[in-house]
Amino acid sequence: MNQLPIIDIAPLYRADPGGHLDVARQIDHACREWGFFYITGHPISAERLATLTDYARRFFAQSADEKLRIDITRSRHHRGYGAIATEQLDPSRPSDLKETFDMGFHMPADHPDVLAGKPLRGPNRHPDMDGWQALMESHYRDMQDLACTLLRAIALALGIERDFFDKRFVEPISVFRMIHYPPRNTASSDDQQGAGAHTDYGCVTLLHQDQAGGLQVQNVRGEWIDAPPIEGTYVVNIGDMMARWSNDRYKSTPHRVVSPLGVDRYSMPFFAEPHPDTEISCLPGCHDAQNPPRYASTTCSAYMLSRFAETYAYRRTEQPLAL
């Protein structure tokens, strides 16, 4: 119980139903036992990740005034820069020792959903850095494609239609995030962690982490174990919406980041979340008379907004002006 599974998903990119089924079985086992696993065989290149990391280092090295030009607390649709201590994932601890950049599915200001004022819908807010916007928008699309490839395998594991999730991930509210964790010695107190213990809100998360380490996952015995960086992999975990869809057949596992000593840590999670109007209710085959549905039906946007209100102080106050 102290080593997360490593799954080669390369067979998902070949026309071999047997290979798809084998990967689906491995994912099913990992999701039941852990809610966490590593993947290899994905199409995101090392060169792409190195370029993204370089941009992240340069962006976060800018002055506070420059970064706050796209202040996330001044955005109606949760896009832009989040300063240190903006987020509090564990309410029993101080706000997190990290700063962030968030982007999502880009919708122009004249899109009907934006004009209607629908939550979590709007244009991305990028810093003024040469090459940044084109790279980030391209990477967002590639990560969405990777997430959908994994979700098709999960659909196979759950015994539902192969395209169940494809239909629900049109114009999604998936989020690509860059995170900078300063060294632990910069914490405001001994209790301040890089990211407090939490579960993710969406369906699946795909995380690229640098070599600094610090990610920890809680096993079924309640013990915290390290999820160290492994070259060429993404760490994948199940989020709350998938736990609700699967009636807890798949676990949404608590995890945290303990800031490393003496070094900066950079990570890039992609949070795969469906169209905001998607109904999240117990899937066929995940309940019976002995195991009835454990959660009331909700929508993606309603659930996400409720979790944001718990995590971000600015979401609990009057909505700020959009920039």
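1. Helix α2 contributes the most to the lining of the largest pocket: four residues. This is a predicted model, in which local features need pLDDT of at least 70, side-chain atom pairs count only at pLDDT 80 or more, and totals for chains, interfaces and linings use all residues. Residues are numbered from 1 along each chain as its sequence is written, and side-chain values use heavy atoms, without hydrogens or water.

2. The largest pocket holds about 280 Å³ of space. A pocket here is an open set of points on a 1 Å grid over the protein atoms alone, where a 1.4 Å probe fits, with protein on both sides within 12 Å along at least five of seven lines; lining residues have an atom within 4 Å of a point. The volume is the space filled by probe spheres set on the points. Of its 18 lining residues, L49, H208, Q209, E231 and G232 are the closest to the centre. Two elements, α2 (46-60) and β7 (204-209), each give two or more residues to this lining. Helices (H or I, at least four residues) and strands (E, at least two) are DSSP runs.

3. The lining divides into eight nonpolar, eight polar and two charged residues. Asp, Glu, Lys and Arg count as charged, and Gly is among the polar ones.

4. H20 sits in helix α1 (residues 17-33). Beyond neighbours within four places in sequence, H20 contacts P11, L12, R14, L156 and R162 (heavy atoms within 4.5 Å).

5. D22 also lies in α1. D22 is partly exposed, at 39% relative accessibility (between 20% and 50%).

Definitions and conventions. Buried < 20%, exposed > 50% of the residue type's maximum accessible area, 1.4 Å probe, protein only.
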